[in-house]
Structures are given as C-alpha cells and as structure tokens.
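Here is a quick tour of one structure, with the cut-offs spelled out along the way. Have a look at it first.

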Amino acid sequence: MRAEFRNRVDAYMAQIRAADSTEIPEIKSTFFEWYNSVSDEDRAEMAPFWDEVKKEAREVIEEIKGLIEELKALKEEELAEARK
C-alpha cells in the first residue's frame, strides 16, 4: 500500500502543479474521494508517510521564512542606501 500511496500522492502533486486554477478543485476532489475510500488499516500504514511529508513541509517553510527575512534585510539596506 505504501508504494501505491506514494505513487498516488506523486501523481496528485504533479497534476496540481501542472493544472490551471479551474482544474484544481476537480483534481483535489478525485484524490480525496480515493483517500476517503481507503480502509482504516491502510490509513494507519500511511501515517509514517504523512509524518515525513509534514516534516519536509515544515523544513521547507522554515527555509522560506529565512529567505524572506534575508530579502527584507536586503530591501531595508537598499532603502537605507537610497536615502543617503
């Protein structure tokens, strides 16, 4: 189940990335329809996968926050230079 689930999530993410905004609701609906049909046993097997996805997302978010702070600092330096 783990490999099948990973493949489904990968395909879902690829579709979401390639879709325009009008297609996204249907893609999400199809994925969640499948996910809601999965047994509790299979969902329990997926838990470590979701934990890893959450961990990766948190790491990416922290990286993005750091980059935003760098951009803010650069912009402030730029503005300070322009005021001189």
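This is a predicted model: local features need pLDDT of at least 70, side-chain atom pairs count only at pLDDT 80 or more; totals for chains, interfaces and linings use all residues.

Glutamate 45 sits in helix α3 (helices are DSSP runs of H or I, at least four residues, numbered from the N terminus). Residues are numbered from 1 along each chain as its sequence is written, and side-chain values use heavy atoms, with hydrogens and water left out.

From glutamate 45 to arginine 58, 13 residues along the chain, the C-alpha separation is 22 Å. Isoleucine 68 belongs to helix α3 too, which covers residues 40–83.

| Residue | Relative accessible area | Class |
|---|---|---|
| Glutamate 45 | 35% | partly exposed |
| Isoleucine 68 | 40% | partly exposed |

Now for the largest pocket. Which helix gives the most to its lining? That's α1, with six residues; α1 (2–18), α2 (24–37) and α3 each supply at least two. By class, the lining has nine nonpolar, no polar and four charged residues (Ala, Val, Leu, Ile, Met, Phe, Trp, Tyr, Cys and Pro count as nonpolar, Asp, Glu, Lys and Arg as charged, and the others, Gly among them, as polar).

Methods:
Buried means under 20% relative accessible area, exposed over 50%, partly exposed in between (1.4 Å probe, protein chains only).
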